[in-house]
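Hi there,

Here is the structure I promised to pass on. Have a look at it first, and then read on for my notes on what turned up.

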Amino acid sequence: MELTVGQLAERSGVAVSALHFFERQGLLTSTRTAGNQRRYRRDALRRVAFIRIAQRVGIPLKEVAAILALLPDNRTPTREDWARVSACWQDELDRRMRHLQQLRDDFTACVGCGCMSLAACPLVNPGDKLGNEGAGPRRLLTS
Ligand code: FES
């Protein structure tokens, strides 16, 4: 049985306007009735739950869309389909955790330092990105 947008909103706890937004972003797909009303397969509930969790951990919707693109559009995803998504999801979370741990370590060091040096501070200039762009005062040259 398919769901109307109102039923999907009620079951998922997500506003109808947000569901429409997700659909415009390619995160969710629906079919249309003869009367041009949206209908969602039941697995849309799982997709919406996935999107909400991703939002909670700060993954941009563009990246969520790329991961969800691994699921088939024309049929209900199987356990294997979701396992593939799960593997990608885990890689993405691991990457973010490593990044946050690095930020935490840099921040702890910088709280004790306080120099906020444009050249040396890893928080102001991560990975000396500015230095890789060339010599001289990069921020001043580009502003
Ligand atoms: S504040 Fe000195 S290195 Fe970041």
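How many helices and strands does the protein have? There are seven helices and two strands, and please keep in mind that this is a predicted model. Starting at the N terminus, the order of the elements is α-α-β-β-α-α-α-α-α. Of the 143 residues in the protein, 29% are buried. As for contacts with a separation of 6 or more, 47% of them are between residues 24 or more positions apart.

Let me begin with a helix pair. Helix H3 covers residues 44-56 and helix H4 covers residues 61-68; the two pack at an angle of about 145°, and their axes are 10 Å apart. The crossing of H3 and H4 is right-handed. On the H3 side, the contact is made by Arg47, Phe50, Ile51, Ala54 and Gln55, while H4 brings in Leu61, Val64, Ile67 and Leu68. Sorted by class, that contact of H3 with H4 comes to seven nonpolar residues, one polar and one charged.

Next, the charged side chains. Searching the whole structure gives nine salt bridges, and three of these pairs may interest you.

- Asp43 and Arg41 form a salt bridge, with 2.8 Å between the closest N and O atoms. Asp43 is buried, at 11% relative accessible area, whereas Arg41 is partly exposed, at 23%.
- Asp81 and Arg84 are joined by a salt bridge with an N to O distance of 3.1 Å. Both belong to helix H5, and because they are three residues apart there, about one helical turn separates them. Asp81 is buried, with a relative accessible area of 4%, but Arg84 is partly exposed, with 41%.
- Glu92 and Arg96 make a salt bridge too, their closest N and O atoms lying 2.9 Å apart. These residues also sit in helix H5, four residues apart, or about one turn of the helix. Glu92 counts as buried because its relative accessible area of 12% falls under the 20% cut-off.

Which side chain of opposite charge is nearest to Asp106, and how far away is it? The answer is Arg104, at 9.4 Å. Asp106 lies in helix H5, which spans residues 79-113. Apart from its neighbours within four places in sequence, Asp106 is in contact with Pro122 and Leu123.

Pro77 and Asp43 are 34 residues apart along the chain, yet their C-alpha atoms are separated by 7.5 Å. With neighbours within four places in sequence set aside, Pro77 is in contact with Arg41, Asp43, Leu71, Pro72 and Trp82. That list holds both Arg41 and Asp43, the two partners of the salt bridge with 2.8 Å between its closest N and O atoms.

Best wishes

Methods:
Residues numbered from 1 in each chain as written. Predicted model: local features only at pLDDT ≥ 70, side-chain atom pairs only at ≥ 80, totals over all residues. Heavy atoms only, no water. Axes fitted to C-alpha atoms, helices over the stretch in contact; angles between N-to-C directions. Left-handed = near helix turned anticlockwise from the far one by under 90°. Contact = heavy atoms within 4.5 Å. Nonpolar A, V, L, I, M, F, W, Y, C, P; charged D, E, K, R; others polar. Buried < 20%, exposed > 50% of the residue type's maximum accessible area, 1.4 Å probe, protein only. Lys, Arg positive; Asp, Glu negative; His and termini not counted. Salt bridge = Lys/Arg side-chain N within 4 Å of Asp/Glu carboxyl O.
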